Amino acid sequence: MYKVRIEDSFAAAHFLRDYHGKCENLHGHNYKVRVYLRGENLSEGGMLYDFSELKKDLKGVLNTIDHTNLNDLTENGKSVFDQNPSAERIAKYIFDSLARNNKKLAELLYRVDVFETDNNRATYEI
């Protein structure tokens with residue numbers, strides 16, 4: 001099994017409803033995101049997936065949330081994060097967005113990590 005990982009970052013604000021702590025207040029993070037792929041077959045060029053293409057795919061998703069208030073993000077008039085953009089929900093959003101945008105990538109994608117800080121990470125994995 002071959003595995004690859006890329007990393008990128010974005011900055012955004014958010015607050016968590018029903019948290020009952022300081023994170024109920026609007027605040028921001030410089031998030032770090034890691035995307036993981038795995039598969040058994042390589043291309044003719046010897047790659048599981050082109051790093052340049054994977055970086056471009058991730059950047060396309062991150063551009064939709066960079067420098068935003070994540071609580072305000074909506075699709076079809078509905079809150080994307082159910083008004084609680086936790087790191088766990090952000091990881092799933094990035095995972096789903098990557099998979100939705102590219103069939104080949106969807107077949108290889110198995111994990112997304114979202115770091116709120118260097119010490120705090122949430123993972124969405126299948």
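A polar contact, as the term is used here, is a pair of N or O atoms within 3.5 Å, where within protein one atom must be able to donate a hydrogen and the other to accept it, and where residues adjacent in sequence count only if both atoms are side-chain atoms. The model is predicted, so that local features need pLDDT of at least 70 and side-chain atom pairs count only at pLDDT 80 or more, while totals for chains, interfaces and linings use all residues. Residues are numbered from 1 along each chain as its sequence is written, and side-chain values use heavy atoms, with hydrogens and water left out.

Arg34 lies in strand β2, where strands (E, at least two residues) and helices (H or I, at least four) are DSSP runs numbered from the N terminus. At 17% relative accessibility Arg34 counts as buried, a class that means under 20% relative accessible area, with exposed meaning over 50% and partly exposed in between (1.4 Å probe, protein chains only). Strand β2 also holds His29, which is buried at a relative accessible area of 14%. The side chain of His29 is joined to that of His27 by a polar contact of 3.2 Å, and a polar atom of the His29 side chain lies 3.5 Å from the backbone oxygen of Glu116.

The aromatic residues come next. The structure holds four aromatic pairs, a pair being two rings of Phe, Tyr or Trp (its six-membered ring) whose centres lie within 6.5 Å, with planes under 30 degrees apart counted as stacked, over 60 as edge-to-face and the rest as tilted. Among them is the pair of Phe10 and Tyr31, which is stacked because the ring centres are 4.7 Å apart and the planes stand at 10 degrees. Since Phe10 lies in strand β1 (residues 2-14) and Tyr31 in strand β2 (residues 27-39), this pair ties together parts that are 21 residues apart in sequence. Both partners are buried, Phe10 at 4% relative accessibility and Tyr31 with a relative accessible area of 0%.

Another of the pairs, Phe95 with Tyr124, is edge-to-face, at 5.0 Å centre to centre and with 70 degrees between the planes. Because Phe95 lies in helix α2 (residues 87-101) and Tyr124 in strand β6 (residues 121-125), the pair ties together parts that are 29 residues apart in sequence. Here Phe95 is buried, with a relative accessible area of 6%, whereas Tyr124 is partly exposed at 24%.

Rings also take part in arrangements with charged side chains, where a charge sits over a ring if NZ of Lys or CZ of Arg is within 6 Å of the ring centre and within 35 degrees of the ring normal. The charged end of Lys32 sits over the ring of Phe115, 4.8 Å from its centre, and the charged end of Arg38 sits over the ring of Tyr110, 4.1 Å from its centre.

The largest pocket has a volume of about 220 Å³, the volume being the space filled by probe spheres set on the points, which are joined across faces, edges and corners. Of the 14 residues that line the largest pocket, the closest to its centre are Leu16, Tyr19, Cys23, Ala87 and Glu116. Two or more lining residues are given by each of β2, α2 and β6. By class, the lining of the largest pocket divides into five nonpolar, six polar and three charged residues, where Ala, Val, Leu, Ile, Met, Phe, Trp, Tyr, Cys and Pro count as nonpolar, Asp, Glu, Lys and Arg as charged, and the others, Gly among them, as polar.

The second largest pocket, with a volume of about 180 Å³, has a lining that includes Glu75, Arg89, Lys92, Asp96 and Arg100. Helix α2 gives the largest share of that lining, six residues, and the classes are three nonpolar, one polar and five charged.

Finally, the loop between β1 and β2 holds Asp18, which has a positive phi of about 65 degrees although it is not a glycine, and which counts as exposed at 62% relative accessibility.

Note on methods
1 Å grid on protein atoms, 1.4 Å probe; cavity = no way out; pocket = protein on both sides within 12 Å on 5 of 7 lines; lining within 4 Å.
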